[in-house]
Amino acid sequence: MTLRKIMPDLLELNDGLFVAVTESDLAFKERFLEGCAACNIRASEISVAHALALEPFLNSAILAAVQIPDGVFEPFRFCLAFLASAQQNGAVVRTFTEVTDFVFGGRDLIGVKTRDHRTGKDETIGADVIINAAGPWAGEIAGKAGVSVPEVPTAGVMVALDCRLNNMVLNRLNKPSDGDIVVPQRATSVIGTTSWQVEDPDLIIIPPEHVDRMITQGEQLLPVVRKVPMRAKMAVARPLIARSGTDARDLSRTFECFDHMRDGVSGFVTITGGKTTTARAMAERVSDIVCQKLNVKAECRTRDVPLTSYRSFFKSQTL
Amino acid sequence: MNALTVALEIFRYKPGHPMRYDTFTVEIEETAHVIDAIDLVWARHDPTLTFRRACHHSSCGSCALRINGIERLPCITRITDVCDGKTPIRLEPLRNFPIVSDLVVDVSEFFQRMSATGMTITCEAEDYLPLTVDSFAVADVVPKMVELPENLSRFNRFEQCIECGICMSACPTMATDRKFLGPAGLAAIYQARHKTDDPVTVKHLLGLADGEHGVWRCHSAFECTEACPQAVDPAGKIMALRRELALRRLQRLFRK
């Protein structure tokens, strides 16, 4: 709900449907409704006929449908809006700039060495505190500081169709699994996703069978999927926190903040895990911790202050 | 997996150094898109290569460039559609934008112009499905009317324009008038104008379109509409703005 308040212009707000396709899905319904109630999410079961009237390409053999508040954002403009707002408040954003190393003062981190790939220029930037928010690269960055974080880069394949078959976000009414969601956006529907651990988040080779699985699973929700040409297929890595098991589906989608004082390195904090939708909350958590370290007393305002236009991000991008 | 051997001839530029083209040869799966080949070059051959990309499915518009001289989104352009197996695939930055580095252009002025139009990126959705980018039906999928949930007054969706800048690069007028609002800006003015009946806003928007660098500068080449990956039809919208402006002038004339 916070995102609706701070970025209302950047959302398609069309609600979502969780639908039962199998008896196993149907058996999950009560647990799902209880979970929504516990989280104060307004969930209402609607008739199959009503669900089919709302979403005419939905599998007509579904057994149940639950409507929830839901929406879709564009990740790119979502990020730009946050970055533009940060710039407006004094931040400097250095795109195309790689962290090549850290500057140590004893065991403490006191700076970052960078290379701007637009110019090839190397630079050293001093810092009171360094926050590692490198997503699936957070483990690699932490390694440069001689510490580790329990993060596993985990990729997922998504398939974008050449037309939009649904207005609402469609989900399987069950525990998370491969190909259990069809996210509409603009004039496409995107089927997602698989989940497997990868060594190198820089280059993810899409396994063809994962694409086939998206189509097969997508058909369970929208039977016409196979008749629609594919517009794009993609895979990116998410930073998941490894706390239990090794199966990628068992890894937590939660986020954690690691103050590397615990490793004997001061001035270095990692925030990782989470999902795009929790990005603001992650920033609040890590900012609170950094404020505490720097003895700054300030309330986080990001849950209330609307973001500035994503378009203004580019104002300061000239070299 | 059937792999192809593909050569990419990529425009290179770093401030203070002369421009050049570098050729890279990569092995890539035959169903891959051009952006996958660029990623491969960056990750395996040359990490100093700079380019922009985010969504990989024609939603963000950030990867736009010229492939074999034609403006395209590499995220939805299949390798096999642009590779003849003999000549390298040539990749170059968009035209009519200042070049920052390699395939990266400075889009700041473009986004300032888009801001000036006041266009929001969401609009009301059509009352049928499926929606397609180019409005042509997908074979064997018959459009169906949709009902609305009781708690929603309308379904909404993002505007078709993804602000990729492809139309600005393809536009011959942009090459002669750098202050031209451009196809994307004028199409945005058209969209914003049709979202409002407020006379003050309409007057402001039509005033922008009617200005020195507005719709009358367009040479009617229609290159923008040809190149647009989202079927926004900027040229059609420029012509529609011209019609409305001409009609208003006539109305004013006869009122006098």
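1. In chain A, residues 24 or more positions apart account for 66% of the contacts with a separation of 6 or more, a contact being a pair of residues whose C-beta atoms, placed from the backbone, lie within 7 Å. For chain B the corresponding share is 61%. This is a predicted model, in which local features need pLDDT of at least 70 and side-chain atom pairs count only at pLDDT 80 or more, while totals for chains, interfaces and linings use all residues. Residues are numbered from 1 along each chain as its sequence is written, and chains are lettered from A and ligands numbered from 1 in the order in which they are written.

2. On confidence, the model scores ipTM 0.94 and pTM 0.95. Chain B averages a pLDDT of 94, with 99% of the residues scoring at least 70; pLDDT is the predictor's confidence in each residue, from 0 to 100.

3. Chain A has seven helices and 18 strands, where helices (H or I, at least four residues) and strands (E, at least two) are DSSP runs numbered from the N terminus. The radius of gyration of chain A, 22 Å, is close to the 20 Å that the globule rule gives for 319 residues, so chain A is as compact as a globular protein of that length; the radius is taken over C-alpha atoms, and the rule is 2.2 Å times the number of residues to the power 0.38. Along the principal axes, the C-alpha trace of chain A spans about 65 × 40 × 40 Å.

4. Chain B, for its part, has eight helices and twelve strands, and its C-alpha atoms fill a box of roughly 65 × 50 × 30 Å along the principal axes. Of its 256 residues, 45% count as buried, whereas for the 319 residues of chain A the figure is 38%. A residue is buried if 20 or more other C-beta atoms lie within 10 Å of its own, exposed if 12 or fewer, and partly exposed in between, with C-beta atoms placed from the backbone.

5. The contact between the chains takes 47 residues from chain A and 53 residues from chain B. On the chain A side, the elements that give two or more residues are helix H3 (48–54), helix H4 (75–88), strand E11 (163–164), strand E14 (188–192) and strand E16 (230–241). The largest share, three residues, comes from E16(A).

6. Within E10(B), B:Leu131 is the bridge partner of A:Arg164.

7. The largest nonpolar core has 112 residues, of which A:Val19, B:Ala37, B:Cys167 and B:Leu186 touch the most other members. Such a core is a set of buried Ala, Val, Leu, Ile, Met, Phe, Trp, Tyr and Cys residues joined through C-beta atoms within 7 Å. Apart from it lies another core, of 16 residues, among them A:Ala138, A:Ala142, A:Ala145 and A:Val149.

8. A:Ala279 lies in helix H7 (residues 279–294) of chain A and is partly exposed, with 18 other C-beta atoms within 10 Å. Leaving aside neighbours within four places in sequence, A:Ala279 is in contact with A:Phe82 and A:Gly274. The C-alpha atoms of A:Ala279 and A:Cys79, 200 residues apart along the chain, are separated by 9.1 Å.

Conventions
Two residues are in contact if their C-beta atoms, placed from the backbone, lie within 7 Å. Two strands pair if DSSP finds at least two bridges between them.
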